[in-house]
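Visitor: I'm new to this one. Could you take me on a close look at the spot where the ligand sits?

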Amino acid sequence: MIGNTTDSGQTQLTAFDLKAYLENRCRRVNTALSALSATAHPDSRLTRAMQYSLEAGGKRLRPILCMAAAEAVGGDADTTLPACCAIEMIHTYSLIHDDLPAMDDDDLRRGKPTCHIAFDEATAILAGDGLLTLAFQVLSRPENRFRKNDSQQWLRVVHVLAVAAGPDGMIEGQIRDIAAEGKGLDRRHLQALHELKTGAMIRASVAIGGILGGASEAELTQLERYAQKIGLAFQVMDDILDVEGDPHTMGKRGGADERLSKSTYPRLMGIDASKDLALQLVDDGLKAIGNFDNKSDPLRAIARYIVTRKR
Ligand code: GRG
């Protein structure tokens, strides 16, 4: 049993099997990823490095949010699969580059040696570049248009994803993150950084699901507000897990933020206040879609999962 939220934001109990939902959607994303990440050069070291990181066992949270957003507005989740794959490719590329010695210098990710350890630094850089570009190759395949969605919708999707992944989104967030090392940002600057670095891709995932699912502009605005709130909650939780999570469960080393003197929520306000903030953000996210019907139960359940997750 998990919490559900009404118009007034009050919590009710509903029977929704989030575990089964996540497993099912994850399987569908993985099947699509296997097909769409194939290149013309299957034996190439580059292809092997890209697939090594893609298949290393990520939660597929962003693609699942994309599918759930489409379903929430009455759309067909399978129509979003090419976009889901593009989103996961960009996310995986960002992790490969983030782990490089020039950035966070991590040797473990998703429970496996990071790409530059398993291969080498040059290959990891190229694998990231390859995944970023392949994302747009997959997203712009002509056959995507001949499904339920028209080409204008796909163009909008390409634009939303490019904005989120690029210098108006994740990349600007990443450079602010690097610049903030050892500085101790105030809350306003920390939030702005995270809304770009982590939030932009989460928000785009939900927005793309909404667009492909046929959301009205009003519904899209509500979905984006939901995503903004849970995206920040996700980052606050990530900061908390870095302090008190189990490295074995997380599949990465803990304490990286401390080691790199990162600005984090626990550092700014302490662990307990950070946990309260994450819960408050999830409640705000649930309120944003409070008038949606039970087709949005997966979105509600995912919001709650974000602050109870262990990895
Ligand atoms: C290097 C271009 C470039 C960008 C990096 C997103 C990002 C920007 C870096 C990731 C650093 C990081 C650990 C951020 C915290 C939030 C986050 C993105 C966690 C990883 O996402 P999960 O938990 O990972 O969804 P999985 O492995 O499950 O996909």
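This is a predicted model: local features need pLDDT of at least 70, side-chain atom pairs count only at pLDDT 80 or more; totals for chains, interfaces and linings use all residues.

Guide: The ligand has 19 residues around it, and the closest are Lys59, Arg62, His91, Arg110 and Asp238. Let's start with a few of those. In the side chain of Lys59, an N or O atom is 2.5 Å from an oxygen atom of the ligand. Arg62 has a side-chain N or O atom 2.7 Å from a ligand oxygen, and a polar side-chain atom of His91 also lies 2.7 Å from an oxygen atom of the ligand. On its own the ligand has 700 Å² of accessible area, and the protein covers 93% of that.

Who makes up that shell? α4 (81-98) gives the most, with 6 residues, while α9 (170-179), α10 (187-213) and α11 (217-244) each bring at least two. Sorted by class, the shell has 6 nonpolar, 7 polar and 6 charged residues.

The ligand sits in the largest pocket, which holds about 1000 Å³ of space. Its lining runs to 46 residues, with Leu95, Asp98, Arg109, Asp238 and Lys252 nearest the centre. Elements giving two or more residues to this lining include α3 (61-72), β3 (108-109) and α13 (256-259). Here again α4 has the largest share, this time 7 residues.

Notes. Residues are numbered from 1 along each chain as its sequence is written. Side-chain values use heavy atoms; hydrogens and water are left out. A residue is near a molecule or strand if one of its heavy atoms lies within 4 Å of it. A polar contact is a pair of N or O atoms within 3.5 Å; within protein, one must be able to donate a hydrogen and the other to accept it, and residues adjacent in sequence count only if both atoms are side-chain atoms. Accessible areas come from the Shrake-Rupley method with a 1.4 Å probe; for residues, only the protein chains shown count as cover. On a 1 Å grid over the protein atoms alone, a cavity is a set of points where a 1.4 Å probe fits but cannot get out, and a pocket is an open set with protein on both sides within 12 Å along at least five of seven lines; lining residues have an atom within 4 Å of a point. A molecule sits in a cavity or pocket if more than half of its atoms lie within 2 Å of its grid points. Helices (H or I, at least four residues) and strands (E, at least two) are DSSP runs, numbered from the N terminus. Ala, Val, Leu, Ile, Met, Phe, Trp, Tyr, Cys and Pro count as nonpolar, Asp, Glu, Lys and Arg as charged, and the others, Gly among them, as polar. Grid points are joined across faces, edges and corners, and a volume is the space filled by probe spheres set on the points.
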